[in-house]
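Here's a quick briefing to keep open next to the viewer.

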Amino acid sequence: MHELSIAQNIIEIVEENARKLKLKIISEVEIDVGTISGVVPENLEFAMDVSVKDTILENAKIKLNIIKAKAKCLKCSNEFEIEEIYSFCPKCNSFEFEIIQGKELKVKSIKVD
Ligand SMILES: [Zn+2]
């Protein structure tokens, strides 16, 4: 489960920011997770739960923002939702498209009381 190392990364990022901003307690962290980021949200949630012990995030609410993957067809410019990277345009069946969103995996915001 690679979500464990991702969770540890996220905690490190938050701790680094907290140090810079001299924050002692974080009340909420919002994390953007794209549906084709390769991360299973449930696994990440679990990984965060076990990893936050004895960190600045121990009592923080972890909020996952699921971002549905979208692509834009390079042939007909149609924009469509995709479930996986190997997909095709539902309008013209082209396999050539660019991912507009859905690969996100980042700390979106940190909240303090
Ligand atoms: Zn198309």
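Two strands count as paired here if DSSP finds at least two bridges between them. Helices (H or I, at least four residues) and strands (E, at least two) are DSSP runs, numbered from the N terminus. This is a predicted model, in which local features need pLDDT of at least 70, side-chain atom pairs count only at pLDDT 80 or more, and totals for chains, interfaces and linings use all residues. Residues are numbered from 1 along each chain as its sequence is written, and side-chain values use heavy atoms, with hydrogens and water left out.

- Strand 1 and strand 6 run antiparallel and are joined by six bridges.
- Contact means heavy atoms within 4.5 Å.

**The cores**

- A nonpolar core is a set of buried Ala, Val, Leu, Ile, Met, Phe, Trp, Tyr and Cys residues joined through side-chain atoms within 4.5 Å. Buried means under 20% relative accessible area, exposed over 50%, and partly exposed in between (1.4 Å probe, protein chains only).
- The largest nonpolar core has 19 residues, and I10, V14, I26, I31, L44, M48 and L57 touch the most other members.
- Helix 1 (3–20), strand 1 (28–34) and helix 2 (41–51) are the elements that give two or more residues to this core. Helix 1 supplies the largest share, six residues.
- Another core lies apart from it, with eight residues that include A69, A71, C73 and I82.
- Leaving aside neighbours within four places in sequence, I31 is in contact with I10, M48, I62, K63, L64, N65, K106 and K108.
- I62 sits in strand 2 (residues 61–67). Not counting residues up to four places away in sequence, I62 touches V29, I31, M48 and V52.
- I62 and S27 are 35 residues apart in sequence, with their C-alpha atoms 8.7 Å apart in space.

**The 4-3-5 sheet**

- A three-strand open sheet runs in the order 4-3-5, with antiparallel pairing.
- Strand 4 (79–81) and strand 5 (97–101) are the edge strands, each pairing on one side only.
- Neighbouring strands here are turned by 35° against each other on average, direction ignored.
- Strand 3 (residues 70–73) pairs with strand 5 in the antiparallel sense over four bridges; K72 has E98 as its bridge partner in strand 5.

**The zinc site**

- Which residues hold the zinc ion's protein donors? They are C73 (SG), C76 (SG), C89 (SG) and C92 (SG), lying 2.3 Å from the ion. Donors are N, O and S atoms within 2.8 Å of the metal (3.2 Å for Na, K and Ca); water is not among the atoms, so sites may look incomplete.
- The arrangement is tetrahedral because the four donor atoms subtend angles of 103 to 114° around the zinc ion.
- The donor residues are spaced C-x2-C-x12-C-x2-C in sequence.
- C89 is buried at 0% relative accessible area, whereas C92 counts as partly exposed at 34%.

- Most residues other than glycine have a negative phi.
- D54 is not a glycine, yet its phi is positive at about 60°. D54 lies in the loop between helix 2 and strand 2 and is exposed, with 73% relative accessible area.
- S77 has a positive phi too, near 65°. S77 is in the loop between strand 3 and strand 4 and is partly exposed at 47%.
- H2 belongs to the segment before helix 1, and it is partly exposed at 43% relative accessibility. Beyond its neighbours within four places in sequence, H2 is in contact with G38 and V39.

Note on methods
Axes fitted to C-alpha atoms, helices over the stretch in contact; angles between N-to-C directions. Tetrahedral: all angles 85-135°; square planar, octahedral: opposite > 155°, others 65-115°.
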